[in-house]
Amino acid sequence: MRKSSLVFVGLLAFGAASTASSECGLATLKGGYLYNDTGFVGEPSMPYAESGMTVYDGQGGIQNTYADNIDGSIRQQSGKYVVNADCTGTATYGDHSYNLFISPDGSMLTTIMKSGASKVTISGSETRVAK
């Protein structure tokens, strides 16, 4: 019995440590992330694609450099982000907001637009390439 009790206590301790280490905050997102977004825009709906690099400053600020399939020119924009303890969050650029779903170590995230221009659906993923 003692051996199984020790195993059980060890598993409980491991579970508690795993749960505690998965808590996220602003600093979870820090560095440069390459990304690709796809979706549909306009009426009638037209395919949309965008690629670029987002730099999260670890304190709630974003700098984004990107190009899309509409005209291909390289553009920049800045914004703000919030990260919740459960590793979800929101990024906002002007009137556009995205839901964020972040890996606990901050190495990658997925996004989906939740507000902004009407008739727009965009989602994608980002992978950290620089700290």
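Predicted model: local features only at pLDDT ≥ 70, side-chain atom pairs only at ≥ 80, totals over all residues.
Me: Over how many bridges do S5 and S6 pair in the antiparallel sense?
Reply: Strands here are DSSP runs of E of at least two residues, helices are runs of H or I of at least four, and both are numbered from the N terminus. Two strands pair if DSSP finds at least two bridges between them. Thr-92 stands opposite Ser-97 in S6. For S5 and S6, antiparallel partners, the number of bridges is six.

Me: What pattern does the protein chain follow along the sequence?
Reply: The protein chain holds one helix and eight strands. The helix is H1 (2–21), and a loop lies between H1 and S1. Read along the sequence, the pattern is α-β-β-β-β-β-β-β-β.

Me: Which residue takes a positive phi in the hairpin of S5 and S6?
Reply: This hairpin has two residues between the strands. One of its residues has a positive phi near 60 degrees, and that residue is Gly-94.

Me: What value does phi of Cys-87 take?
Reply: Cys-87 sits in the loop between S4 and S5, a hairpin with four residues between the strands. Most residues other than glycine have a negative phi, and most peptide bonds are trans. Cys-87 is not glycine, yet its phi is positive, near 70 degrees.

Me: Why does Cys-87 count as buried?
Reply: With a 1.4 Å probe and protein chains only, buried means under 20% relative accessible area, exposed means over 50%, and partly exposed is in between. Cys-87 is buried because its relative accessible area is 7%.

Me: Where does Thr-111 lie, and is Thr-111 buried or exposed?
Reply: Thr-111 lies in S7. Leaving aside neighbours within four places in sequence, Thr-111 is in contact (heavy atoms within 4.5 Å) with residues including Asp-37, Tyr-98 and Ile-122. Its relative accessibility is 8%, so Thr-111 counts as buried.

Me: What distance separates the C-alpha atoms of Leu-26 and Asn-84?
Reply: Leu-26 lies in the loop between H1 and S1. Relative accessibility there is 34%, so Leu-26 counts as partly exposed. Beyond neighbours within four places, Leu-26 is in contact with residues including Gly-58, Tyr-81 and Val-83. Asn-84 is 58 residues away along the chain, but the C-alpha atoms are separated by 8.0 Å.

Me: What volume does the largest pocket have?
Reply: On a 1 Å grid over the protein atoms alone, a pocket is an open set of points where a 1.4 Å probe fits, with protein on both sides within 12 Å along at least five of seven lines; lining residues have an atom within 4 Å of a point. Points are joined across faces, edges and corners, and the volume is the space filled by probe spheres set on them. For the largest pocket, that space is about 370 Å³.

Me: Which strand gives the most to the lining of the largest pocket?
Reply: The lining has 24 residues, with Tyr-48, Glu-50, Gln-77, Tyr-98 and Met-113 nearest the centre. With four residues, the strand that gives the most is S2.

Me: Which peptide bond is cis?
Reply: Pro-44 lies in the loop between S1 and S2. Omega is about 5 degrees at the cis bond that joins Glu-43 and Pro-44.

How values were computed
Residues numbered from 1 in each chain as written. Heavy atoms only, no water.
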